[in-house]
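Let's take a friendly walk through this model together. Have the sequence and the 3D view at hand as we go.

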Amino acid sequence: MDDARSRPHSSETHAMEANAVEANAVEDWQRILGVLADRRSCRDFDGTQMDRELLAEIVRDGMQAPSSCNQQQWHFVIVDDRDLLQRCHDISGGNHHFAECSALIYLCFQKGWTHGNFSVVQSVAGACYHMMLSAHLRGYDTIWNAGIGDNKALAELFGVPPIFEITGALAIGRAKPSAPAMKAPRRPFEEVHSWNGFARPAHTVYPVKPAKAYPYFEITNPSNPFAVWDPRGWSWAQLGDFRGYAVWAKSPLAGVYVSRRQGEATAAELDLLPDLKAGAKVAELMPWGGTYSAEIRRRLDPGVDFHLAELSQGNLTFILERLKREGFALDHTHGDRIDGPTLPYADGSLDAVILPQVLEQMPQPQKVLDEVRRVLKPGGAVIASVRNLDSDYGDHWSEVESLGCIPNQGPFTPLSAETVRGWMAARFTPEVEQGIGTAVSQDATIVTDDNRTGCRLYAGRWRVA
């Protein structure tokens, strides 16, 4: 039987079809797609009020998105009252832009219909993105948020019936003039598509524990039985890939990614920095988000050359932008890419190396310490801290944290303070050793006696003989 569907197209047929499609295309489609591709997420709004009719038009535009079985089982709660926005901020756990945006649009759906393959969730997501593009074309900024906080508290606040689910919120408004004009990086197209079968570069597929199946509903943020927390189960390339994209979960604003668990501990760690004069050369290894980087730069003489040695160029871009927003000039700050344990510095060229809570994130920490010794000058200092497995925090990590999904910073496993102490003693001369924090979190008590190896953090400063 002559089946036209099975016959290959001739070049003449293909040309005729292409001409027919082009005849129906929107004349300015390339420019329009370019404008849409310029949309970026905003977390720094100016708080100006938006006209309600305009907000309604944007939500109405979202209704033009497709929905599963055309049931349109969505509902959108538009919040523009300033007191309610502040309450939404509080429930979210601190998303500052919830209080600063012009409006939040909570995305809801009725449970029970078109649940297969999350099709009802896909429908709401499509509507949300349609709203984002509508707002973008009108000159407004947006960000979609899954991290909205306690759903029950929100349902009570807005009177959402229990048969409806709140799945996220769309923040909308105008960006502050000082907001980062940066779009988070997109993966190379070659990494995320394949023809007639699944094929993907190995470094973009993250490790999981071997299993016959990975049931979706067995994996949640606080419980993921398949997560590989030990960085020795990851390649350096996988770590760099993970860190380079996950860091953009937030915009590179001043003060982001500051740990509440740390409390005053960061200051205690960085009090170990030696006195370094202008012209000295210092490297921080594997920074993430710039939390330590900003505080280190603040403490260093402006003339000290500060190097950030990081696995991902995307992460370096994020950190350098954040440092600018923290008010630092970057003329003596440098971003250096690394691919693994080998450091891109000449023998005996650095005055100090800083490793703040990163040895526990490395597949080969001892090889990195060998490299640190190689690149330090005689008398050069290494300042290091680690999350201590032999502590109350170590117990908490083992019993609670490690049962969940890997955090955006990447996989880590706390190290025994005694083990790290031995590693350092084999390569360097100890100058200061101390424990920081006797409680699971926030406490920054400094312990210098034999109990220092039982604190949340083990930290110190060592020298090259």
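**Helices, sheet and a pocket**

Helix α4, made up of residues 82-92, lies across β1 and β2, and its direction makes an angle of about 65 degrees with β2. Please keep in mind that this is a predicted model.

In what order do its strands sit? The order is β1-β2-β4-β3, in an open sheet of 4 strands with antiparallel pairing. The edge strands are β1, spanning 74-79, and β3, spanning 141-145, and each of them pairs on one side only. From one strand to the next, the twist averages 25 degrees.

Strand β3 is joined by 5 bridges to β4 (residues 164-173), and the two run antiparallel.

Our last stop is a pocket. The second largest pocket has a volume of about 270 Å³. Which residues line the second largest pocket? They are Phe118, Tyr216, Phe217, Ile219, Thr220, Asn221 and Pro222. Sorted by class, this lining has 5 nonpolar and 2 polar residues, with no charged residues.

Key: Residues numbered from 1 in each chain as written. Predicted model: local features only at pLDDT ≥ 70, side-chain atom pairs only at ≥ 80, totals over all residues. Heavy atoms only, no water. Pairing = 2+ DSSP bridges. Axes fitted to C-alpha atoms, helices over the stretch in contact; angles between N-to-C directions. Contact = heavy atoms within 4.5 Å. 1 Å grid on protein atoms, 1.4 Å probe; cavity = no way out; pocket = protein on both sides within 12 Å on 5 of 7 lines; lining within 4 Å. Points joined across faces, edges and corners; volume = space filled by probe spheres on them. Nonpolar A, V, L, I, M, F, W, Y, C, P; charged D, E, K, R; others polar.
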